Amino acid sequence: MKRYYLDANAHAPLLPEAAEAYVVALRAAVGNPSSTHTEGRAARAILDQARDSVAALLGARSGEIIFTSGGTESCNLGVLGLALAAPASRRHLICSAVEHHAVLHACEHLRQHHGFSISILPVDNCGRCSLDALKSLAGEQTALVSVMSANNEVGTRQPVAEIGELCRSRGILFHTDAVQCVGREPVLVHNLACDALSASGHKFGSVPGTGFLWLKSGVALAPVTVGGAQENQRRAGTENAAAAASLATALELSLNQHQAPDRARMHDQIENLWQRVAQSVPSVIRNGHPEQRLDNTLSICVPGASSEDVMIAADLEGLSLSSGSACMVGSALPSHVLLAMGLGRELASCAIRFSLSRELEEDEVSEVVARFARVITRVKG
Ligand code: PLP
């Protein structure tokens, strides 16, 4: 039986070229990039080349790219690093209610251990923050606003350009978690009016354990790891040059692949999937914003069919699905994103997310829907 992998928001399929770039760089980068001997300089050259290439693809400067071990570390570094470097008179943070835990827990850490207060920006029933709410929360003591570019569970995009302008006009730093956008669509950092942006390589076909923080030139950042001068004093620890090479290759390739016609194709595929699911599964509900959303994401709730039961039965039918966030697997709690959007706990515990990569063919959508309808019939029994 052919399996359908429909969980790209958790982990995108590894691009063969990115795997190859990793292996080639691993063999070539035999020294420590901080060493001055020939082997060290070879590793440094690979790292520098990867940094230049990532920066060019984002319209950034090379020195603005800080390589990390992934999206979580990047979000931690963005939130903790910016907040702790802000003036002592600014000890207030704002983040949206639908942020990934990489941001939410970093804010909570600042509250518990560094005396910050936090305001949570509410979202409407489509998962979108209101600018008016932000205007009333953002004050002279606010150090940092962190709002994601698009949500990993329901796909809703946030008005990041407007949020950035508002923050800038009030002298507040702005970090955006763009983990679900970078590598899927063109992201030009200077268009966003933000100070820092997080990305994760394994969401766009790199080997896992790669990511970066883009930090605007001149913005102060307190390091979170200490013990070395790497990444221009902003992230201590020996750099993984091979992982950076894989990330740079994956970013270039996926941006070439995800051109506008391709994204339109994926958008149509998701709409087709939704139309067919709505016809075959009684009382199914769609979550997220009708227009302002990721092209590849469909989040639904099937009342009476718990996410866990559906995922297990779907796996047996050859469908790899998710309830929303892979980071919450093993947790019995319903999604904080769906609760923030106003869903009841019972309905929120019936969420299923389809997140497509480029691998699904047009004529395979009906097969996916037929299997999914069988799964629901079995689960509801
Ligand atoms: N932020 C968002 C929006 C995500 O979707 C994820 C992972 O799913 C992360 C952060 C964490 O990224 P990583 O898995 O690379 O640590």
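1. Let's start with Asp 48, which counts as partly exposed at 31% relative accessibility (buried means under 20%, exposed over 50%, partly exposed in between, with a 1.4 Å probe and protein chains only). Keep in mind that this is a predicted model, where local features need pLDDT of at least 70 and side-chain atom pairs pLDDT 80 or more, while totals for chains, interfaces and linings use all residues. Numbering runs from 1 along each chain as its sequence is written, and side-chain values use heavy atoms, without hydrogens or water.

2. What does Asp 48 pair with in a salt bridge? The partner is Arg 44, with the closest N and O atoms 3.9 Å apart (the cut-off is 4 Å between a side-chain nitrogen of Lys or Arg and a carboxyl oxygen of Asp or Glu). Both Asp 48 and Arg 44 sit in helix H2, residues 38-58, and the spacing of 4 residues is about one turn of the helix (helices are DSSP runs of H or I with at least four residues, strands runs of E with at least two, numbered from the N terminus). Arg 44 is partly exposed, at 26% relative accessibility. Glu 239 joins in too: together with Arg 44 and Asp 48, Glu 239 belongs to a network of salt bridges.

3. The side chain of Arg 51 meets that of Glu 231 in a salt bridge, 2.8 Å from N to O. Is Glu 231 buried or exposed? Glu 231 counts as buried, because its relative accessibility is 4%. Arg 51 is buried as well, at 10%.

4. The model has 16 salt bridges in total. One that I'd point out joins the side chains of Arg 353 and Asp 7, at 2.9 Å from N to O. Here again distant parts of the chain are linked: Arg 353 is in strand S12, whereas Asp 7 is in the loop between strand S1 (4-5) and helix H1 (16-28), 346 residues apart. Arg 353 is buried, with a relative accessibility of 1%. Asp 7 is at 12%, so it also counts as buried. Side chains of opposite charge can pair when their charged atoms come close.

5. Which residues form the negative surface patch? They are Asp 268, Glu 361, Glu 362 and Asp 363 (patch members have over 30% relative accessible area and no salt bridge, with like charges joined within 9 Å). Of these, Glu 361 is in the loop that runs between strand S12 (351-355) and helix H13 (365-380). Glu 361 is partly exposed, with a relative accessible area of 43%.

6. The S12-H13 loop also contains Ser 357. Ser 357 counts as buried because its relative accessible area is 10%. From Ser 357 to Phe 372, the C-alpha atoms are 18 Å apart, for a separation of 15 residues along the chain.

7. On to a serine in a strand. Ser 96 belongs to strand S3, residues 92-96, and is buried with a relative accessible area of 0%. What does the side chain of Ser 96 make a polar contact with? The partner is the side chain of Glu 99, at 2.7 Å (a pair of N or O atoms within 3.5 Å, one able to donate a hydrogen and the other to accept it).

8. Two backbone angles to check. Ala 193 has a positive phi of about 55° despite not being a glycine. Ala 193 lies in the loop between strand S6 (173-177) and strand S7 (196-200), and is buried at a relative accessible area of 5%. Gln 233, another residue that is not a glycine, has a positive phi near 70°. Gln 233 is in helix H7 and counts as exposed, at 54% relative accessibility.

9. Last, Ala 220. This residue is in the loop between strand S8 (211-215) and H7, and is partly exposed with a relative accessible area of 48%. How far is Ala 220 from Leu 84, in sequence and in space? The two are 136 residues apart in sequence, and 9.3 Å apart from C-alpha to C-alpha.

Conventions
Patch = residues over 30% accessible without salt bridge, like charges linked within 9 Å, V, L, I, M, F, W, Y side chains within 5 Å. Areas by Shrake-Rupley, 256 points an atom, 1.4 Å probe, with all protein chains shown as cover. Lys, Arg positive; Asp, Glu negative; His and termini not counted. Charge placed at Lys NZ, Arg CZ, Asp CG, Glu CD.
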